[in-house]
Amino acid sequence: MKIQERTGAGAGRSAAPAQPSVGDRLPTAPRERKPALAALAVLLILVGALGATMLVLQAGDRIEVVRVTRDIQAGESVTSNDVTSVMVAADDSVNYVRWAQLGTLTTLKAKSTIYKDTVVMGQMFAAKSSLPAGKASVGVALKEGQYPADIKSGDIVAVYRVGDNSAASSSGSGGSSDSTGSSAGGNLLVDKARVSSKSDNSDAAVSTGNLSLTLLVDQSDAAAVTQAASAGSVAVVVVPGN
């Protein structure tokens, strides 16, 4: 009797674990949609694409303008040997001098020093030379030996009176002083003048040795330099300060 009862008690049990029915699964929360974030992402993509398009268009819209290849001093004109052309992005707010306007540019004068590799603007030039206050522009014609061979526009030079007239003037005013020291001190006309321009006739300078310079000096020194220049008694020496 006892054996049968145990068998009957275990007969109703199943060896496999019971599986929950489909209706017993826990419900999942529905995914929350965020349309505002999606719209913002689309907007950012459109803005980025528009910006890239504008950059490409601006890069393609370029113009040819003038750039100087050497320092241009105040009151000096630009020649075709002093410039080159470069491409820049077109901008109506910038008064570029276009390469096609180079012929007009060569008739104008620089208002102030324009340094090498500068892309020039129209406002840098004027129809007339405008000298700095208290300055005068003096032309001198020099013979070979009265100037350094490598002198160029923009150099700072000292101006001396040379020749027989200078020696006589120096000895007459020097008294019993040492003749060498008196001559050196009495001959100096200007301790610092700037070479405003140099003669462009390089072939003539090579063949004859003569050179023409335009010097920017103080107005108080202009008369003495002009007098010495008219007598052909001027020499220039490049000094520190360049």
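The side chains of Lys152 and Asp155 form a salt bridge, with N and O 3.3 Å apart. A salt bridge here is a side-chain nitrogen of Lys or Arg within 4 Å of a carboxyl oxygen of Asp or Glu. Lys152 is partly exposed at 48% relative accessibility, whereas Asp155 is buried at 6%. Buried means under 20% relative accessible area, exposed over 50%, and partly exposed in between (1.4 Å probe, protein chains only).

This is a predicted model: local features need pLDDT of at least 70, side-chain atom pairs count only at pLDDT 80 or more, and totals for chains, interfaces and linings use all residues. Residues are numbered from 1 along each chain as its sequence is written, and side-chain values use heavy atoms, leaving out hydrogens and water.

**Salt bridges**

- The whole structure holds 4 salt bridges.
- Arg70 pairs with Asp82, the closest N and O atoms being 2.8 Å apart. Both residues sit in the loop between strand E1 (62-68) and strand E2 (83-89), 12 residues apart. Strands (E, at least two residues) and helices (H or I, at least four) are DSSP runs, numbered from the N terminus.
- Arg70 is partly exposed, with a relative accessible area of 26%. Asp82 is buried, at 6%.
- Glu76 joins Arg70 and Asp82 in a network of salt bridges.
- Lys135 and Asp218 form a salt bridge at 2.7 Å, N to O. The pair links distant parts of the chain: Lys135 is in strand E5 (residues 135-142) and Asp218 in strand E8 (residues 211-218), 83 residues apart.
- Lys135 is partly exposed at 29%. Asp218 is also partly exposed, at 33%.

**Nonpolar cores**

- A nonpolar core is a set of buried Ala, Val, Leu, Ile, Met, Phe, Trp, Tyr and Cys residues joined through side-chain atoms within 4.5 Å.
- The largest core has 22 residues; Val140, Val159, Leu213, Leu215 and Val236 have the most contacts inside it. At least two of its residues come from each of E5, strand E6 (156-161), strand E7 (188-198), E8, helix H7 (219-230) and strand E9 (234-238).
- A second, separate core has 12 residues, among them Val66, Val97, Leu102 and Ile114.
- Leu215 is in contact (heavy atoms within 4.5 Å) with residues including Val138, Val140, Val157, Val159, Val195 and Val236, not counting residues up to four places away in sequence.

**Helix H7**

- The 12 residues of H7 should span 16 Å at 1.5 Å a residue, and the end C-alpha atoms are 17 Å apart, which agrees. The expected span is 1.5 Å times one less than the number of residues.
- Ala222, Val225, Ala228 and Ala229 of H7 are buried. Seen down the helix axis, the buried residues of H7 fall within an arc of 145 degrees, so they line one face. The arc is that of the directions from the helix axis to the C-beta atoms.
- The buried residues of H7 pack against E5, E6, E7, E8 and E9.
- Ser220, Ala223, Gln227 and Ser230 are exposed on the other side of H7.

**Gln146**

- Gln146 lies in the loop between E5 and E6. Gln146 is buried, at 14% relative accessibility.
- A polar atom of the Gln146 side chain lies 2.8 Å from the backbone nitrogen of Lys143.
- Leaving aside neighbours within four places in sequence, Gln146 is in contact with Ala141, Val162, Gly232, Val234, Ala235 and Val236.

How values were computed: Polar contact = N/O pair within 3.5 Å; in protein donor to acceptor, adjacent residues only side chain to side chain.
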